[in-house]
Every structure is written in structure tokens, then in C-alpha cells.
Amino acid sequence: MRKVVALAGNPNVGKSVIFNALTGARQKVGNWPGVTVEKKEGICKYKDIEFYIVDLPGIYGFTANSIDEKIARDYILHEKPDVVVNIVDASNIERNLYLTMQLIEMEANVVVALNKMDLAKLKGYKIDVRKLSKELGLSVIPMIAVKNEGIEELKVAIYYATKHRVKPFLRYNDGVERIISAVQEKVIEHNILSNYPPRFVAIKLLEGDEEILKMANFNEEVIKQWIS
Amino acid sequence: MMKLSELKQGERGTVVDIKGSSEMKRKLLNMGIVKGAEIKMVRNAPLKDPIEFEIRGYHISLRKNEAENIIVEVRK
């Protein structure tokens, strides 16, 4: 059985090291269609499953402002990979978790690879991995990829994720949630971008995301009326 | 209150406002530069552009015109 696994994360988190450790020599390098952004793909076999691994460009967010962000966002929303491995730099955890939050909003099936645990320790960070996993509602695998630590555990977590899809939920404060629900109702009622998760569409419309507004053929004034 | 670009070396500030295009704001948001964030001026490049800052435990270089759009309150 073949399952598609995408690797996503900020630049410089060790994405390529993990990609190489997972795929070994079974990889090929090409371009994303139409753009000169490198696309790396590889195969990793584990038990009865063949993971088809796609390395997404390193990004800080999914705002689709840059071509890298657009590629990563379109891949996750349109190709709907079976699992998204979100590589998080433990020594820079606060900034990195912002991307994790966005992946959860996109309702991707996320596994967090918490890399650079050695650097985090050097910085004096004490990360409660179990609690982080519980709070996020998904598997968190601590790793030191350059020392090959955690790679086997990551394979197990990916394998498990292909069998049991997680559905983490990120709850904002009550005021924000009320507004999201109001917009989400409209999104469902008007069938707006129905191939995307309605909560994700609602949040992006509220953020004033230009790409989503354009795709939905709306302007911000309409959204303002909905919530007034 | 002053522009982030006016912080002196080693000075710290709290972000109170971000001006500029929504595209710029979103880019800065992606990097963790939001209202309430603590930011420290690390050093200038020659001609004071770009400027290196430290925020949320990592270093970032901002162009002068980007730093001018970020308003901070200096921490004593």
C-alpha cells in the first residue's frame, strides 16, 4: 500500500536531513510544475506501507505571498497528503509552532518531528514533550536528526498516522470563536470553497487572506457585514 | 514610543503597532513579530541597513524601511 507523506517546516529546521534519513538513496529531484523551485521526492518502506515522501519548500507561514508558501499550501489543500510531517526546531519552538497551528487549521493529518533537541537543551529549554503532544492533540517525536536519533520513532509515528487519522482542534477564546462560527455558518450556507474545510475558509476570510478572498469572489466588506 | 529602526544597540522594546501593507504585516506575523512581542536591537550593518534584531530567541535581519514600520515602546 502506498501513502503520501509531505514534509513541512520553517527553513533551516533539518528538513533535508530528515528527508535523506527517511529515503536514503531512493529519491529524485525535479521541479514543481511551472516554477523553478526544487521538488524532492523519495520512497521509504515501513512494514506493509510504502511512504511516498515529498519535501515541501521551507516556509514560515501559509499566506501564499511567496511562491514557496503557495506551493506548500496548494499541495496540502489540493493533493491532501495522507500525513504531513511538521518538522519543528525545538531550539526555536515558539516561532515554529505558528506553522503547526496553521497546519492544524488546514485539517492536515499532522505528526510533529521535534528536531534539534540537543540545541534546545543547550539553550536551557526544558520541553515537556508528552504535555506538548497532549495539548496539540497529535504525536510529537523528539529527534536529533543529524545524529540519526528519532528516525525510527518517526517512521512508527507516520505509520500509525496513516492508520488512525488525528483531528486536532485549536480553540480560540470565546469572542473569537463566536465570530468564527458566524462566518463558518455563512461559508457552509453559501457553499463557499466547499472542497476546503469550512472552518479553515472562515478563518482565512476573517484574516483577509487575499488569495482565499479572490478564490471565493468576495471582498472584505461582505465579511465585515456578516460579523457586524 | 519610537520606530524599531531607532533602537540603539542592545536596547529592548515591546512591539505596540505595525504599519504598512497587509502583505508586509502578514510576513512579519509569520516571523513572530506581533503586538506585545519583545525585540532587541543586536547590531547595525554598515549604513544602518539592514539591522539585526533578536526576537523570541532567534535573530532576524530587517531592512531599514521594514523596521521603520514597526513601532515599539522602549523598555527601561
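## Chains, sheet and domains in a predicted model

In this predicted model, 10 residues of chain A are in contact with 10 residues of chain B. Sorted by class, the chain A side of that contact holds two nonpolar, five polar and three charged residues.

Let us turn to the fold of chain A, where the domain assignment gives domain 1 (2-163) and domain 2 (174-227). Taken over C-alpha atoms, the centres of domain 1 and domain 2 of chain A are separated by 28 Å. Contact between these two domains of chain A involves six residues of domain 1 and six residues of domain 2. On the side of domain 1 of chain A that touches domain 2, three residues are nonpolar, one is polar and two are charged.

The two interface sides described so far can be set next to one another:

| Domain 1 of chain A, touching domain 2 of chain A | three residues | one residue | two residues |

Next comes the sheet. Chain A has an open sheet of seven strands with mixed pairing, in the order S2-S3-S4-S1-S5-S6-S7. Strand S2 (27-31) and strand S7 (140-142) of chain A each have a single partner strand and stand at the edges, so each has one side without a neighbour in the sheet. From one strand to the next, the twist averages 25°.

Within this sheet, strand S1 (residues 2-9) and strand S4 (residues 49-55) of chain A run parallel and are joined by six bridges. For a specific pair to look up, take Lys3(A), whose bridge partner in S4(A) is Phe51(A). Helix H1 (residues 15-23) of chain A packs on the sheet and touches S1, S2, strand S3 (38-46), S4, strand S5 (83-89) and strand S6 (110-115) of chain A. The direction of H1 makes about 40° with that of S3(A).

Finally, here is a helix pair worth a look. Helix H7 (residues 174-189) and helix H8 (residues 198-207) of chain A pack with their axes 8 Å apart, at an angle of about 115°. That angle makes H7(A) roughly perpendicular to H8(A), and the crossing of the two helices is right-handed. From H7(A), the contact includes Ile179(A), Ile180(A) and Val183(A); among the residues they meet in H8(A) are Val201(A), Ala202(A) and Leu205(A). Over the residues of the contact of H7(A) with H8(A), the division is 11 nonpolar, one polar and one charged.

Key:
Residues numbered from 1 in each chain as written. Chains lettered and ligands numbered in written order. Predicted model: local features only at pLDDT ≥ 70, side-chain atom pairs only at ≥ 80, totals over all residues. Contact = placed C-beta atoms within 7 Å. Nonpolar A, V, L, I, M, F, W, Y, C, P; charged D, E, K, R; others polar. Pairing = 2+ DSSP bridges. Helix = DSSP H or I, 4+ residues; strand = E, 2+ residues; numbered from the N terminus. Axes fitted to C-alpha atoms, helices over the stretch in contact; angles between N-to-C directions. Parallel < 35°, antiparallel > 145°, perpendicular 65-115°, else oblique. Left-handed = near helix turned anticlockwise from the far one by under 90°. Domains from an automatic or database assignment.
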